[in-house]
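Colleague: I am new to this structure, and I would like to go through the terms used for it one at a time. Could we start once it is on the screen?

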Amino acid sequence: MEPVVGDAGTGARGVNESSAVEGVSTDGMTPVSAADVIRAHALTKIFDAAGSRTVALEDADLAVRAGEFVSLIGPSGCGKTTLLRLVADLEAPTSGELEVTGRSAADARLARAYGYVFQSPVLYDWRTVQGNVMLPLEIMGFDRAERRRRAFDLLAMVGLGDFANRYPWQLSGGMQQRVSIARALAFDPKLLLMDEPFGALDEITREALNLELLRIWAATRKTILFVTHSISEAVFLSTRIVVMTARPGKIERVIDVDLPQPRGAETREYPRFFELEREVRESLRGTH
Amino acid sequence: MLATLLALVALGYPLALAFGLPLANRDRGDVRKWIQETAVAQAPDDLTPLLAGTGLVATADGERLAETSVAVLERRPLGHGAEDVAALTEAAAGAPLLVLSDPWGRPAEGVVAAPAAVLDGGLLAAALHALYLGEGRLVPGSLPSRERPDGQRTRFTFPASDAAGPVLVNGERLAAGAGFSEDGAAVVLARPAPFGADVRRMTGDAAILDAGAGTIALADEHGGGDVRSALAIVRLAERLEGASDGENRRFAAARTRLLDVDPSRVLMVEDRPLSAEAERPAERIDGVVRRVTFPSAAGVVVVDDVPLEPGVHYTRDGTSVVLTSPPPRNARVRQYPGAFLADPASGTFLLAEAPGPGERVWAERYTFHARPGCGETLLECFYALPQHPVPYPHWIAAGIVPFFSKYPVADERNALRATLYTTLGTLAALALGAAVGVLLAVNFVLMRPLEKAVFPWVIASQTVPIIALVPVLLLVLGNAGITIQTSIIPTALIGAYIAFFPVVVGTVKGLRSVDPLALDLMRSYAATPVHVFLKVRFPAAVPFLFTSLKLGTAAALVGALVAETESNNRRGLGFQILGQVQSGNVADVWILLLVSSLLGIGLVAVVGVAERLLAPWRRP
């Protein structure tokens, strides 16, 4: 695992190691800023199953500030999803420290601090689109009028206002994923955890949804932790990109994305966009 | 639905042919018998002679006159009316009416009724008949007196007051007026009968016994005359006159046999009843040898019941028959001596298999009977057979409406009521089975150890044959005062017993079918277990539940039917199926099976509609 040796000109501008790990010192001693939504230190997850021991994530340090859009990118098995699931308290860490919105991950989950979007839409077949968006609200005890209002607003926001009464199977894959996002936003969590939400979609739909996600992000000012396989998606969406290595899963490098906001289709044409893409690609290549 | 029906019908005909015809062949004997019975039953208005040919004609004295043209009439008692007589005469075409003797096959002396006498008297029965057996003359029936002769008394009474025949003392006939006088049922003898003597009175038909001429004159009441009258006399005969005791015992045995035979059905040829003892060849049929030897030198030769034509299929050489081609191995080669080859034009016929003691002798070809109602050919008669294991679909279709309207709706045997009863039982069984099944499944999913402990028993419960379980269950319930006659509970329990199983398996599978990510999502909402169950697990299980409910419906129906067969409640399709099976009403059994199947299809369709209403999210 050699450090990335990139082009000096672009490397100096594109990579800001100190800002990437700001708030989390390498020795874990530095206190974090109050604005940190996620703070992980020396986070390790080991799966022990029937004689095989897999180190899914080793010694990960990460800080995500409020309002950031942080992408996790890396090869298969690098622990991106594990990290996301640890943050969501869907798995318990083997060791290390993890705080989510200033609490332990479990408390954060119980406080319904985040919304989670999976790679597949995971819509409930027996509920209409609106019913799916309202499901978390039902569980969390929102009253009926509020549930309807929020579902209406959110579906309008993701452009599915006319599909409220359809069943999931009647929607396309992209539409289903937008319902899934609307559902994650339904109870207005501060943090959005997205696990390759557009991974199963075609390129055209994916780019359209990328734009839409940026719009939603800008409109809601959520903090987003986003797992992706796609370099261009990571560069296009993120404020920071966390490059991870596989076996054991480790954070290799954090790259600041200094593309101007708001971003649009033309962003993909900027020379800086390509530079950053190359930056990320080289970081990834360096991890092999 | 229509396609299913068409497929069933399309399948039904080949099935009926494939299974029906071999069975029909096997039962051809029965078919034949049935044809014959049908023929007899339908014959009464037809006076076509059974046989026109030559016969032996004898005088009243028993002397042979000549072989002459005769007609044997329909095998039935003739009526009493004048039109019968006219028809009879016409049928006989002026020939003397042949009446035969000796129905048990030995040469008889012959009896003839002269047509002139018959017609002149206006009474067929006026003909004189003398009946002989070998050397002995038959003695008509008689009744012993009620009193025992003591050597002193002269007055005797007889059981039948209308018995007005001659009186015999020790077999010796007394002359009326001279030997005895009558006083109602009592007879006063001119002189006392010896001590212990046999005092009898001739009965019934034998109005006049002319010992000298050896004839018995018939009473007019048997107006039918001819065969029947003669046989009626024979039936009364008790012994042979002048015969030894040994001969008379043999005669009694023969008489008993004779009485078993309905004389109106005996076929006569020439002067003797047809006897068609089949002769078997001396050789074994090995498929190679063509020459077979029979005991006698004449008769009809048949191979597997198919008559062969002499000169074409075989040539005769004394008792040997040489076939043109060897009969198949183990074929049934038979010779019927004294029988004629079928030739409708000349009115001859072929006999059936040999009759046993007391059996009737039948003509196989019914051409000479009135045509049977079933049709001209065996196949037509097969079609018309009332019962058949595999009926054609159109028979079943034709039977449905009569089957349902056989009993009024108020009657418990009404098929519609039975269907309704079974429907109720099935629905009750399904409700119970589904409730138990879902409850078990939910608990299994919530508590794995419970599943581990109980599920093997659930499986074991289904390996017990329901047939074995039902009587036990009914007995137990009966002890608790719940009988199938009064309650639908036993039916419901038995149906539920097999219906709950698919529900358990399906629902467990359904509850476990939830996408793990969907559960993760619920975890991310910090949902309670109750929420997880109600909002995710249960809805996810609904399609599985409905699928298993469809299976359960079919199972509940089977259970209800089985419960009904085991009971004596006379209700429900199950009972009806059993009843029709036992009474051999095959077509009705098929109708009931059809009704049961349609009921099953209908109930499952109802479950399907419920699914569509309650679980509309499924892709249509």
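Colleague: What share of the 620 residues of chain B counts as buried?

Modeller: Of the 620 residues of chain B, 45% count as buried, where buried means under 20% relative accessible area, exposed means over 50%, and partly exposed lies in between, with a 1.4 Å probe and protein chains only. This is a predicted model, in which local features need pLDDT of at least 70 and side-chain atom pairs count only at pLDDT 80 or more, while totals for chains, interfaces and linings use all residues. Residues are numbered from 1 along each chain as its sequence is written, chains are lettered from A and ligands numbered from 1 in the order in which they are written, and side-chain values use heavy atoms, with hydrogens and water left out.

Colleague: What is the buried share in chain A?

Modeller: In chain A, 57% of the 288 residues are buried. Its secondary structure comes to 10 helices and 10 strands, whereas chain B has 16 helices and 25 strands; helices (H or I, at least four residues) and strands (E, at least two) are DSSP runs, numbered from the N terminus.

Colleague: Why is Gln177(A) called buried?

Modeller: Gln177(A) has a relative accessible area of 2%, and because the limit for buried is under 20%, Gln177(A) counts as buried. The residue lies in helix H7 (residues 173-185) of chain A, and beyond its neighbours within four places in sequence it is in contact with residues including Val117(A), Phe118(A), Pro197(A) and Phe198(A), contact meaning heavy atoms within 4.5 Å.

Colleague: What makes Val532(B) buried?

Modeller: The relative accessibility of Val532(B) is 16%, which is under 20%, so Val532(B) also counts as buried. It is found in helix H14 (residues 529-566) of chain B, and, not counting residues up to four places away in sequence, Val532(B) touches Leu519(B), Met522(B), Ala527(B) and Arg537(B).

Colleague: Why is Glu566(B) called partly exposed?

Modeller: Glu566(B) has a relative accessible area of 32%, and since that value falls between 20% and 50%, the residue is partly exposed. Leaving aside neighbours within four places in sequence, Glu566(B) is in contact with Ile467(B), Val470(B), Pro471(B) and Leu474(B).

Colleague: What makes the space with a volume of about 580 Å³ a pocket?

Modeller: On a 1 Å grid over the protein atoms alone, a pocket is an open set of points with protein on both sides within 12 Å along at least five of seven lines, whereas a cavity is a set where a 1.4 Å probe fits but cannot get out; lining residues have an atom within 4 Å of a point. The largest pocket has a volume of about 580 Å³, a volume being the space filled by probe spheres set on the points, which are joined across faces, edges and corners. Of the 20 residues that line it, the closest to its centre are Leu8(B), Val9(B), Pro393(B), Ile396(B) and Leu594(B), and H1(B) gives the most to the lining, with seven residues.

Colleague: How many residues of that lining count as nonpolar?

Modeller: The lining has 17 nonpolar, three polar and no charged residues, where Ala, Val, Leu, Ile, Met, Phe, Trp, Tyr, Cys and Pro count as nonpolar, Asp, Glu, Lys and Arg as charged, and the others, Gly among them, as polar.
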